[in-house]
Amino acid sequence: MEKRDEDLKKAQMLDARARNISHNVRCTECGSQSIEDSQADVAILLRQLIRDEIGAGKTDKEIYSKLEDEFGETVLYAPKFDMQTAALWLTPVLIAGGTAAGLVYSKHRQRTNVHIMALDLIRGVSLTPKERVTILDVLIPPPPPPQGVASRLRRLLNR
């Protein structure tokens, strides 16, 4: 009885291991499904191959290597990280970062340019000291509000 329970547990563990590996392998026929979810003939054969390899005592890494060697890197859902995949994954991040930096820079220049142009306009105009102080107070932008948590709470409470 104990032998039977032990064999049953061992079979369940091997089955769970095979399912785990199958979830990480892409069906070569379907492309968008794992071989665990696919009912294609190739997927059934690959599931059997994985179970045979587990029965032969191979590790998960060895099974993944064998599948990659036979079917190519695209059979795995998690390809190796090399220069080609790094370019593929990092390009959108670099484009988004560059776009964000460009938008921030253009917004900064837009704010400062208006004030600089206005100050340039009044440079050549003769003004009294009181008029000059008043115009400078109007044209020089106020300092940005503090960005701490306490200042945000004060602004929310003052609304």
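What share of the contacts in the protein chain with a separation of 6 or more comes from residues 24 or more positions apart? In this predicted model, such residues account for 42% of those contacts.

**Overall composition**

The protein chain comprises 6 helices and 0 strands. Read from the N terminus, its elements follow the order α-α-α-α-α-α. Of its 159 residues, 17% count as buried.

**Packing of helices α1, α2 and α3**

The table lists the helix pairs formed by α1 (residues 2–23) and α3 (residues 60–71), together with α2 (residues 41–55).

| Helix pair | Axis distance | Crossing angle |
|---|---|---|
| α1 and α2 | within 10 Å | roughly 130° |
| α1 and α3 | within 11 Å | roughly 40° |
| α2 and α3 | 10 Å | about 140° |

The pair α1 and α2 may be taken at the outset. The axes of these helices come within 10 Å and cross at roughly 130°. Because of that angle, α1 is oblique to α2. The crossing of α1 past α2 is right-handed. On the α1 side, the residues that meet α2 are Leu 14, Asp 15, Arg 17, Ala 18, Arg 19, Ile 21 and Ser 22, and their counterparts in α2 are Arg 47, Ile 50, Arg 51 and Ile 54. By class, this contact of α1 with α2 holds 5 nonpolar, 1 polar and 5 charged residues.

Helix α1 also packs against α3. Here the axes come within 11 Å and cross at roughly 40°, so α1 is oblique to α3. The handedness of the crossing of α1 and α3 is right-handed. Arg 17, Asn 20 and Ile 21 of α1 meet Asp 60, Ile 63 and Tyr 64 of α3. The contact of α1 with α3 divides into 3 nonpolar, 1 polar and 2 charged residues. Arg 17 and Ile 21 are listed in the contact of α1 with α3, and both are also listed in the contact of α1 with α2.

The remaining pair is α2 and α3. Their axes lie 10 Å apart at an angle of about 140°, and α2 is therefore oblique to α3. Helix α2 passes α3 in a right-handed crossing. From α2, Leu 46, Leu 49, Ile 50, Glu 53 and Ile 54 meet Ile 63, Lys 66, Leu 67, Glu 70 and Phe 71 of α3. The residues of the contact of α2 with α3 comprise 7 nonpolar, no polar and 3 charged. Ile 50 and Ile 54 belong to this contact, and they also take part in the contact of α2 with α1. Likewise, Ile 63 of α3 meets α2 and is listed among the α3 residues that meet α1.

**Individual residues**

Ser 22 is located in helix α1. Its relative accessible area is 0%, under the 20% limit, and therefore Ser 22 counts as buried. Apart from neighbours within four places in sequence, Ser 22 is in contact with Ser 34, Ile 35, Glu 36, Arg 47 and Ile 50. Of these partners, Arg 47 and Ile 50 are in α2.

Glu 53 is part of helix α2. Glu 53 is also buried, with a relative accessible area of 10%. Beyond its neighbours within four places in sequence, Glu 53 is in contact with Lys 58, Ile 63 and Lys 66. Ile 63 and Lys 66 are among the α3 residues that meet α2.

Tyr 77 lies in the loop between α3 and α4 (83–123). With a relative accessible area of 33%, Tyr 77 is partly exposed. Setting aside neighbours within four places in sequence, Tyr 77 is in contact with His 23, Asn 24, Val 25, Arg 26, Ser 32, Gln 33 and Ser 34. Ser 34 is also one of the contacts of Ser 22. Between Tyr 77 and Cys 27, the separation is 50 residues in sequence and 9.9 Å in space, C-alpha to C-alpha.

**Annotated segment**

An unreviewed UniProt entry lists residues 86–105 as "transmembrane region". In the model, this span is 100% helix and 0% strand, and its end C-alpha atoms lie 27 Å apart.

Definitions and conventions:
Residues are numbered from 1 along each chain as its sequence is written. This is a predicted model: local features need pLDDT of at least 70, side-chain atom pairs count only at pLDDT 80 or more; totals for chains, interfaces and linings use all residues. Side-chain values use heavy atoms; hydrogens and water are left out. Axes are lines fitted to C-alpha atoms, for helices over the stretch in contact, and angles run from 0 to 180 degrees between N-to-C directions. Helices (H or I, at least four residues) and strands (E, at least two) are DSSP runs, numbered from the N terminus. Angles under 35 degrees count as roughly parallel, over 145 as roughly antiparallel, 65 to 115 as roughly perpendicular and the rest as oblique. A crossing is left-handed if the near helix is turned anticlockwise from the far one by less than a right angle, and right-handed if clockwise. Contact means heavy atoms within 4.5 Å. Ala, Val, Leu, Ile, Met, Phe, Trp, Tyr, Cys and Pro count as nonpolar, Asp, Glu, Lys and Arg as charged, and the others, Gly among them, as polar. Buried means under 20% relative accessible area, exposed over 50%, partly exposed in between (1.4 Å probe, protein chains only). UniProt positions are given in the numbering used here, feature names are shortened, and annotations may be inferred rather than shown by experiment.
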